[in-house]
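Hi everyone, thanks for making time.

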Amino acid sequence: MPVKKFAPDYFLLMLISALLMIGITMVYSASEIWAEYKFNDAFFFAKRQLLFAIVGYIAMILIMNVEYWTWRRFSKAALLVCFVLLILVLIPGVGMVRNGSQSWIGAGAFSIQPSEFMKLAIIIFLAGYLSENQKQMIYFKKGLLPALGLAFTAFGLIMLQPDLGTGTVMIGTSLVMIFLSGARIFHFVLMGVAGMAGFAALVMSAPYRIKRITSFLDPWSDPLGSGFQIIQSLYAIGPGGLFGLGIGGSRQKYYYLPEPQTDFIFAILAEELGFIGGIFILLLFSLLFWRGIRVAINAPDLFGSFLAAGIISMLAIQVIINIGVVTGLMPVTGITLPFLSYGGSSLTLMLAAFGILLNISRYAKR
C-alpha cells in the first residue's frame with residue numbers, strides 16, 4: 001500500500017468546484033419558468049440541486065480523505081448490493097416509473113437510481129479484478145470473459161428498466177478499463193462486431209428506439225414527435241451566437257425544450273452564454289479529463305491506475321454522449337451532463353467518484 005501522502009490535486013478540485021457552481025446557476029436559469037408553472041416556485045429545482053451539490057461536495061471531501069485501496073475490500077459487497085437494488089427496482093410497486101423508465105427506488109423526493117451507483121461499483125470491482133489478473137487479460141476465457149460477463153449482466157438488468165443511456169456509459173467505461181489492462185485487439189474486434197449486432201437487435205426490439213435513430217438522421221421527418229427535442233435543442237444553440245443572450249435570456253426554456261434543466265441543459269447554456277460560453281465549458285471538461293489521466297498515469301499501483309482511469313472514462317463518455325445528443329450528432333439517449341444537469345443520484349455519485357480520484361492524487365508520483 002502507498003505510504004507517501006501529498007496534498008490532493010487542488011487544480012482538479014478547483015475545476016470540479018467551478019463546474020458545480022456553473023451547474024447550479026444554469027439549473028436555476030433553465031428551470032425557473034417550468035418550476036414556476038408546475039410547482040409555483042421558480043427555485044424548486046435550483047434549491048434541490050443546491051442541496052444535492054452540498055451533500056455531494058461534503059461526501060467528496062470526506063471520501064478524498066479515505067485511502068482509495070479501502071474501497072477494494074468492500075467492492076464485492078457493494079457490487080452485490082447494487083445487483084440486488086437493480087432487481088428490486090424492477091418489481092412492480094417497488095420501482096418508481098419516471099419518463100417511461102422504472103429506474104428509481106424510494107419514496108417521493110427521497111429516491112435513488114440504482115443504475116447510477118452500479119456504474120461506480122463496477123468500476124471499483126473491475127479495478128481490483130484487472131489489477132490482480134492483468135497477465136490473464138490476453139486470454140479470452142480466463143481473463144476477458146469473467147469481466148465482460150459481469151458487465152453485461154449488469155447491463156441486461158439496466159436495460160430491463162429500460163435505461164439505455166446509463167447502460168451505455170457503464171459498458172463503455174468497462175470496455176475502456178478492460179482495453180487498458182492489455183486485452184488483445186483481436187478480441188475487441190470480435191466484441192465490436194457482436195456489439196453492433198446486439199445494438200441493432202436492441203434498437204429493433206423497441207419502436208421508440210427506431211424512432212430515435214430515424215429522428216437523429218432526419219429530425220424534420222417527425223418535428224412534433226421523435227425529432228422534437230433535437231430540433232428545439234438546435235433552435236436554442238443557433239440564436240446564441242458568439243456571446244449568447246445572457247443569463248436568464250433563453251427563449252427555448254419557455255415550454256419549447258422539455259425539462260431543459262436535465263439532459264439538454266447544454267443547449268440552454270449555449271443559448272444564454274453563446275459559443276464562447278460553450279467552448280469555456282468544454283475547456284473545463286478537457287482540463288478535468290487531462291488532470292484525471294495524469295492521476296491515472298502517476299498512480300502508485302495498478303489498482304489506483306485502473307480506478308482513476310475508470311472514473312475519468314465514465315466522465316468523458318457521459319460528456320461526449322450528452323453534448324453529441326444536444327448538438328444533433330448522436331441519437332437521444334437520456335444521459336445527464338456531469339456536474340451541470342439537474343439530478344440527485346447522478347450528481348452525488350459523480351462527486352463521490354471524484355472524491356476517490358482526489359484521494360488517488362494524494363499518492364500519485366510527483
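Let me start with a question: is Lys253 buried or exposed? Keep in mind that this is a predicted model. Lys253 turns out to be buried, because its relative accessible area is 1%, and the cut-off for buried is under 20%.

Glu32 is buried, as is Lys253.

Another partner is Glu272, where the salt bridge to Lys253 comes out at 3.5 Å, N to O. Put together, Glu32, Lys253 and Glu272 form a network of salt bridges.

How many salt bridges does the structure hold? There are six. Another of them joins Asp9 and Arg291, with the closest N and O atoms 3.0 Å apart. Asp9 lies in the segment before α1 (10-39) and Arg291 in helix α11 (residues 265-298), so this pair ties together parts that are 282 residues apart in sequence. Asp9 and Arg291 are both buried.

Stay with Asp9 for a moment. Its backbone nitrogen is 3.0 Å from a polar atom in the side chain of Ser361. Ser361 belongs to helix α13 (residues 344-361), and its side chain also reaches the backbone oxygen of Leu358, at 2.5 Å. Ser361 counts as buried because its relative accessible area is 2%.

Okay, on to the nonpolar side of things. In soluble globular proteins, nonpolar side chains tend to be buried together. In this model, the largest nonpolar core has 102 residues, and the ones with the most contacts inside it are Phe285, Leu288, Leu307, Phe339 and Phe354. Helix α12 (residues 302-326) gives the largest share of this core, 15 residues.

What does Leu288 touch, leaving out residues up to four places away in sequence? The list is Leu12, Leu15, Ile16, Leu19, Ile312, Leu315, Phe339 and Phe354. Phe339 and Phe354 are also among the residues with the most contacts in the core.

That's my tour, happy to take questions.

How values were computed: Residues numbered from 1 in each chain as written. Predicted model: local features only at pLDDT ≥ 70, side-chain atom pairs only at ≥ 80, totals over all residues. Heavy atoms only, no water. Core = buried A, V, L, I, M, F, W, Y, C linked by side-chain atoms within 4.5 Å. Buried < 20%, exposed > 50% of the residue type's maximum accessible area, 1.4 Å probe, protein only. Helix = DSSP H or I, 4+ residues; strand = E, 2+ residues; numbered from the N terminus. Contact = heavy atoms within 4.5 Å. Polar contact = N/O pair within 3.5 Å; in protein donor to acceptor, adjacent residues only side chain to side chain. Salt bridge = Lys/Arg side-chain N within 4 Å of Asp/Glu carboxyl O.
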